[in-house]
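Look at the fold as a whole before turning to single residues. The paragraphs below go from the overall pattern to the sheet, and then to a few side chains.

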Amino acid sequence: MLSNNLRAFDCKSCLGNASLGRLQLLGLCWALAILSMAGCGDNPGRWPMEKLSEHVKQSLVDQGVEVTEVNLTEKAPGVFEGTGQVAGGETLKLLVTQDPAAHRLTWDAEGDRGSFLDGSYELK
């Protein structure tokens, strides 16, 4: 009789441990899902137009070009065209391409006075 009671107690503790293990596994899955979504939030292949404009403007400033404004419009999914105005009066024709799968964006700027600049950003 005592051995049957001990077996019953032993099985109950095993079931409790299995439930605890499943709960821990579920918590780990949720944590991984949340962390992976947090990384996707800064995917340069999916930035909104405002963030794209600001990034291109700052990249041009970092290259020594005094850009006063950048205006972009979406021509196709992930493809933006627009203009940029330089403090000296030059107008830049801009082409920005986003690649969500590669977590990357690239841009080209061609000036009406013959200048050409380009850049890219990739999340690694």
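**From pattern to side chains**

Read along the sequence, the protein follows the pattern α-α-β-β-β-β-β. That makes two helices and five strands; helices (H or I, at least four residues) and strands (E, at least two) are DSSP runs, numbered from the N terminus. This is a predicted model, in which local features need pLDDT of at least 70 and side-chain atom pairs count only at pLDDT 80 or more, while totals for chains, interfaces and linings use all residues. Residues are numbered from 1 along each chain as its sequence is written, and side-chain values use heavy atoms, with hydrogens and water left out.

The five strands form an open sheet in the order β1-β2-β3-β4-β5, with antiparallel pairing. Two strands count as paired if DSSP finds at least two bridges between them. At the edges are β1 (67-76) and β5, each of which pairs on one side only. Neighbouring strands of the sheet are turned by 20° against each other on average, direction ignored. Axes here are lines fitted to C-alpha atoms, for helices over the stretch in contact, and angles run from 0 to 180 degrees between N-to-C directions. Between β1 and β2 (residues 79-86) there are eight bridges, in the antiparallel sense. In this pairing, leucine 72 stands opposite glycine 82 in β2.

Helix α2 packs on the sheet and touches β1, β2, β3 (91-99), β4 (104-111) and β5. The direction of α2 makes about 135° with that of β1. Valine 56 is in helix α2. With a relative accessible area of 0%, valine 56 is buried; buried means under 20% relative accessible area, exposed over 50%, and partly exposed in between (1.4 Å probe, protein chains only). Leaving aside its neighbours within four places in sequence, valine 56 is in contact (heavy atoms within 4.5 Å) with Leu94, Val96 and Trp107.

Which rings come together in this structure? The structure holds one aromatic pair. The rings of tryptophan 47 and tyrosine 121 have centres 5.3 Å apart and planes at 25°, so the pair is stacked. Rings of Phe, Tyr and Trp (its six-membered ring) pair if their centres lie within 6.5 Å; planes under 30 degrees apart count as stacked, over 60 as edge-to-face and the rest as tilted. Tryptophan 47 lies in the loop between α1 (2-40) and α2 (49-62) and tyrosine 121 in strand β5 (residues 116-122), so the pair ties together parts 74 residues apart in sequence. Tryptophan 47 counts as buried at 7% relative accessibility, whereas tyrosine 121 counts as partly exposed at 29%.
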